[in-house]
Each structure stands twice: as C-alpha cells, then as structure tokens.
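Subject: Structure handover

Hi,

Here is the structure I promised to pass on. Have a look at it first, and then read my notes below.

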Amino acid sequence: MSGLRIGLGHDTHALVPGRPLVIGGVRIPFERGLDGHSDADVLAHAVADACLGALRAGDIGKLFPDDDPAYEGADSIGLLRKVAALVQERGFRVLDVDSVIIAQVPKLSPYRDRMRERLADALGVTPDAVGVKATTTEHLGAVGREEGIVAQAVVLLERREG
C-alpha cells in the first residue's frame with residue numbers, strides 16, 4: 001500500500017444579501033455573502049473535502065451535517081482544524097494543497113496570501129505548502145452571472161512513519 005494519498009474537493013455556494021463573505025478563512029468586504037448552514041466558506045470546505053477524500057472518509061456533509069444545529073454559523077476554519085486532526089489521527093500528514101476559487105466577483109487576489117496563511121495554519125503546514133488561485137468564468141454560467149462562488153482543491157497526504 002502506497003504511503004501517498006490524493007484527494008479532490010469541490011464546493012459551491014450561492015451569493016446572497018445579508019451574510020458576510022468568508023473565503024479561505026478571510027472576511028472579504030462585499031455586499032453579499034455565501035449562503036449556507038455554516039459560514040459557507042467554499043474554499044475551506046473544498047480543502048476539507050479533499051482531505052476527507054484522501055482518507056476515504058466521506059465528505060464534509062457526513063462529518064458536519066447541515067441539519068445539525070451544532071454547526072449553524074460554524075467557522076469553517078475551525079471545521080478544517082477538526083479534519084486536520086482526523087488526518088493526523090488516521091496516521092497521515094498533509095504534504096501539499098492546491099486550490100482554485102471560481103468567482104466573477106469580487107476580486108480576490110488582494111486576499112490570496114492571507115487565505116494561504118489561514119488554511120496552512122488550520123492544516124498544520126507552512127503557507128508554501130498551500131496554493132490558492134482565483135479565476136472567473138468569463139461571465140458564463142451561474143458564477144458568471146454573479147449568482148455564486150465555487151472552489152476546488154486537491155490535497156496530497158503522506159502516511160507518517162512510526
């Protein structure tokens with residue numbers, strides 16, 4: 001059995017008025033936020049799902065059900081910390097993360113480095129082990145119509161020795 005595992009994560013949330021916009025653990029000034037049971041942080045959710053996928057442990061909805069009142073308004077970076085603890089508990093460590101945020105609005109590049117720092121801290125790695133990119137859909141589809149934001153992530157885990 002290989003000591004390496006790869007996982008893929010994906011998340012989508014609608015943009016709605018009256019909620020703060022939190023992506024990658026960073027609050028971003030914008031007139032709308034992402035709709036969801038927790039803080040709806042699409043990037044933290046995608047990274048958590050990638051970790052869980054690499055562990056073959058289901059997805060974020062299985063671990064933190066959206067019908068459980070305990071997770072209403074939950075800080076997704078805190079949830080990612082719990083996933084990182086599960087990675088450790090299962091005998092693995094995070095080697096590398098790469099991610100992309102797909103959003104027509106707002107412009108995210110000013111927040112990229114802080115997102116990397118927040119995700120890295122939650123995962124127990126250095127920021128150079130976390131990639132965060134942002135792109136648009138060139139005004140195509142629901143994201144292009146500014147109806148929502150999508151994030152995708154891949155994670156590489158390594159089995160710890162001992």
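Is His45 buried or exposed? His45 is buried, because its relative accessible area is 8%; buried here means under 20% relative accessible area, exposed over 50%, and partly exposed in between, with a 1.4 Å probe and protein chains only.

Before the rest, a word on where this comes from. It's a predicted model, so to speak of local features a pLDDT of at least 70 is needed, side-chain atom pairs count only at pLDDT 80 or more, and totals for chains, interfaces and linings use all residues. Residues are numbered from 1 along each chain as its sequence is written, and side-chain values use heavy atoms, with hydrogens and water left out.

Back to His45. You'll find His45 in helix α1, residues 42-55 (helices are DSSP runs of H or I with at least four residues, strands are runs of E with at least two, and both are numbered from the N terminus). The His45 side chain makes polar contacts with the side chains of Ser76, at 2.7 Å, and His13, at 3.4 Å. A polar contact is a pair of N or O atoms within 3.5 Å; within protein, one must be able to donate a hydrogen and the other to accept it, and residues adjacent in sequence count only if both atoms are side-chain atoms.

Asp11 joins in too: its side chain makes a polar contact with the His45 side chain at 3.0 Å. Asp11 sits in strand β1, residues 4-17, and is buried as well, with a relative accessible area of 14%. Leaving out neighbours within four places in sequence, Asp11 is in contact (heavy atoms within 4.5 Å) with residues including Asp41, Val42, Ala46 and Ile149.

Now the whole protein. There are five helices and seven strands, in the order β-β-β-β-α-α-α-β-α-β-α-β along the sequence. Of the 162 residues, 49% count as buried. Among contacts with a separation of 6 or more, residues 24 or more positions apart account for 73%. The C-alpha trace spans about 50 × 35 × 25 Å along its principal axes.

Cheers
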